[in-house]
2 protein chains.
Amino acid sequence: MIYTMTLNPAIDYKIVCERFELNQLNRFKKASLHPGGKGINVSAVLNNLGVQNEAIAILGGFTGRYLLERMKKDYRLDLKPIWVEGDTRINIKMTVDHETELNHEGPRVKDDIFEHILSIIRNMKKEDLLIVSGSAPSGQRDAYQQIAQLCDDLELRFVMDTPGDLFHQFIDHQPFLMKPNLKELNDYLLMDLFELDEIIFYGRQLIFRGVKHLIISLGERGSLYLDQEKAYLAHPLEGTVISSTGAGDSMVAGFIAMYELTKDPKLAFIEAVAAASATVFSGKLATHRDIQKYQTKVVIEEL
Amino acid sequence: MIYTMTLNPAIDYKIVCERFELNQLNRFKKASLHPGGKGINVSAVLNNLGVQNEAIAILGGFTGRYLLERMKKDYRLDLKPIWVEGDTRINIKMTVDHETELNHEGPRVKDDIFEHILSIIRNMKKEDLLIVSGSAPSGQRDAYQQIAQLCDDLELRFVMDTPGDLFHQFIDHQPFLMKPNLKELNDYLLMDLFELDEIIFYGRQLIFRGVKHLIISLGERGSLYLDQEKAYLAHPLEGTVISSTGAGDSMVAGFIAMYELTKDPKLAFIEAVAAASATVFSGKLATHRDIQKYQTKVVIEEL
C-alpha cells in the first residue's frame, strides 16, 4: 500500500484585492477556500491515476471537517483523519499585483498523537511506501527526523517533501525520492549552482549519501532526474501557466504511480513531468486524462 | 418582540504577525476566529441582559454553520438562519503594529431571499422593534432603504446601525434610534463639527427630520444623547481599552433593553454607556454583571 501523511494540512483562503494599504480598511470581492495539504494533494492525484493509496491527515475542528468533506466531494478521497484539538489552520494567499502569503503554524500536536502516528508507521509492511509531505506540525519540530529514523530502522521506503530547511532531518536516512527545486538544493548545499554539469555533480553527492531517486526542478529550464546510474533532463512543456499550486505534489504522485507499475525510473520521470505540467496548465490537480495528454509531449534527454 | 437582523454577517479571522512584507511569505503564530455580525452581537447582549429577542441572520455554507454553532455555544443564542448559496464571508483583521482590515463583500443575496426577509417584516406587530445592523448584502445594495420604507409604512419602530454611507437610505423614515460617531455624523452632514454646542445644534436637525433617539459617540470625550427635549453628555469611564469590537452593538442593546423596560431615555442612555464600557474593558460582549458594575459609575450631565 502507498500511504501519504499530511501532518499540518491547511485551508488556503485566496483573496484578490484591487488595492492594499497597511493599517487601513481594504475590501475584496473575490475570495475562495482551497482545502489541501501536500500529502493530501499527492493522494488526490494518485486517486486520479487509479493508484490505491491511503491518505492520513491530522485534522482539527470545523475547518478539519470541511477539509474532509471537500476532499471526498472533489476527489472521491476518503481521508483517514487523526483528530487533534484546535482548528486546522487557514492560510491566507492575498493577490494584489503579486501574491503575499500569510501562513499559520497550525494546531499543536501533542506527544501522544505523534506516538500514535509512529505506531501506524510501525504497522506498515516492507513493500509499502510512505510519503510524508508539507511542514512539520507545531509541537513536533523534529517529526521528520523521527519518522525518517523509524522508516530507516524498519527498512520502509519513504518520500519526504518538505520546506527546504527540513532536508537535514531525513537526508541521511536514505529517502526513496527527493524533489528539491534548484534554490532549495542550493540552500541545502550552501552553494550557488547554476550550470547543469555542476548540478549533476553535486546532485550525485546526495545519491551517494543514500537518496535513491532525485528530481531537481529547474524552473524554466525544465527538470532533472538523477539516480546512481542515469541523468535525464526533461525539457519544459509549452503552455500557459495557470497556477503552480500542487505541481510538486503531482510530480511526486506521477513518479510513484509509474514507478510502482514499471520499476522504470525513466518512465516514472516522464509521468512525473506530465503530471506536474497537467496541474500547472489546468490550475487544478492533474486528472488522468490530462496526464496522458502531456505524457506524449514530454521530451527527455539523457545526459 | 425585539428582532435583530444581520444581513451580511462575518467570521473575523484575527491574526497577529511579527512582521509583514508585501509579496513575501509571512508567518503568524496567533490566530483566532470570531464569528459575529453587528445584529448578532446586539442579540447576544440582549440575551445577556435577559431580554427576549429573535436574531435573524443570513447564513451560508460551512462558515454559516460554524457561526450558528458558536453563537449557540458562546451566548446560548439560537439564530434564525436564512440560508443562501455560498459561504458566510471570512474577514481578515491583521495586526502587525496597527490593525489592517481585509473585508469581503459576502455571498450574493438573490431577490427571492430578500423578498422573504421583507415578508418576515410584514408579519411583525406594531409593538415590535426591528434592529437591522451591519453592511448591506451583495446584490441588495438598497436593502436598508427598502426595509426602512416598509417599517415606515407599517409604523414599525426600527433601528439601523450601518456604515455611514448608508445613513441616507433610512434617515427620512423616522428611525427609532441612530448611533453615529462624530466622524460619521460629520461625513453625513458634510460638516466638520467639533464643539459640543454645534454638535447638539446639528444633531437636533436629525431629530427634527424624524430620528427619535440619537446617540453620538465622541470618542475620548464620551457620548452625547439627544431627543426632542433633552441633551445628555455621558463622560467616558476610566479603564483600559481591550477591544472596541462590539461596543456599538452593546450600546444599542443596552439602550433598547432599558428603554423597553422604563421608557426613560436617560436611564436607557446610562445602560447604553455601561454596556459599551463593559464590552470595551472586557474585550468580549458585555455580560449582565459587568453592565451592572459600570451602570453605577456612569456620570451623566444634562446640557
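Tutor: Strand β3 of chain A (residues 25-36) pairs with β7(B) in the parallel sense, over four bridges. Two strands pair if DSSP finds at least two bridges between them. The strands (E, at least two residues) and helices (H or I, at least four) are themselves DSSP runs, numbered from the N terminus. Before going on, please keep in mind that this is a predicted model: local features need pLDDT of at least 70, side-chain atom pairs count only at pLDDT 80 or more, and totals for chains, interfaces and linings use all residues. Residues are numbered from 1 along each chain as its sequence is written, chains are lettered from A and ligands numbered from 1 in the order in which they are written, and side-chain values use heavy atoms, with hydrogens and water left out.

Back to the strands. A:R27 stands opposite B:N103, and A:N26 has B:L102 as its bridge partner. Within chain B, β7(B) also pairs with β6(B), this time in the antiparallel sense and again over four bridges. B:M94 and B:T100 are bridge partners there. Three residues separate β6(B) from β7(B), and the two strands form a hairpin.

Now the wider interface. The contact (heavy atoms within 4.5 Å) involves 32 residues of chain B and 32 residues of chain A. The size of an interface is often given as the accessible area lost when the parts come together. Here the two chains bury about 3000 Å² between them, with 64% of that on carbon and sulfur atoms. B:N23, B:F62 and B:L102 supply 19% of the area that chain B buries against chain A, more than any other three residues. Buried area is the accessible area (1.4 Å probe) that two parts lose on being put together, summed over both.

The side chains of B:E69 and A:R65 meet in a salt bridge at 3.8 Å, N to O.

On the side of chain B that touches chain A, β2 (10-17), β3 (25-36), α2 (61-75), β6 and β7 each supply at least two residues. β3(B) gives the most, with eight residues. That side divides into 15 nonpolar, seven polar and 10 charged residues. Ala, Val, Leu, Ile, Met, Phe, Trp, Tyr, Cys and Pro count as nonpolar, Asp, Glu, Lys and Arg as charged, and the others, Gly among them, as polar.

Over all chains, the salt bridge count comes to 38. One of them joins A:K179 and A:D161, with the closest N and O atoms 3.7 Å apart. This pair links distant parts of chain A: A:K179 is in the loop between β10 (177-178) and α5 (182-189), A:D161 is in strand β9 (157-161), and they are 18 residues apart. A:K179 counts as buried, at 11% relative accessibility, and A:D161 is buried too, at 6%. Buried means under 20% relative accessible area, exposed over 50%, and partly exposed in between (1.4 Å probe, protein chains only).

In chain B, the side chains of B:K110 and B:E85 meet in a salt bridge at 3.6 Å, N to O. B:K110 sits in the loop between β7 (99-104) and α3 (111-122), B:E85 in the loop between β5 (80-84) and β6 (89-95), 25 residues apart. B:K110 is partly exposed at 48%, while B:E85 is exposed at 64%.

Finally, the backbone. Most residues other than glycine have a negative phi. A:E155 has a phi near 55 degrees; this residue is in the loop between α4 (143-154) and β9 of chain A and is exposed at 55% relative accessibility.

Notes: Salt bridge = Lys/Arg side-chain N within 4 Å of Asp/Glu carboxyl O.
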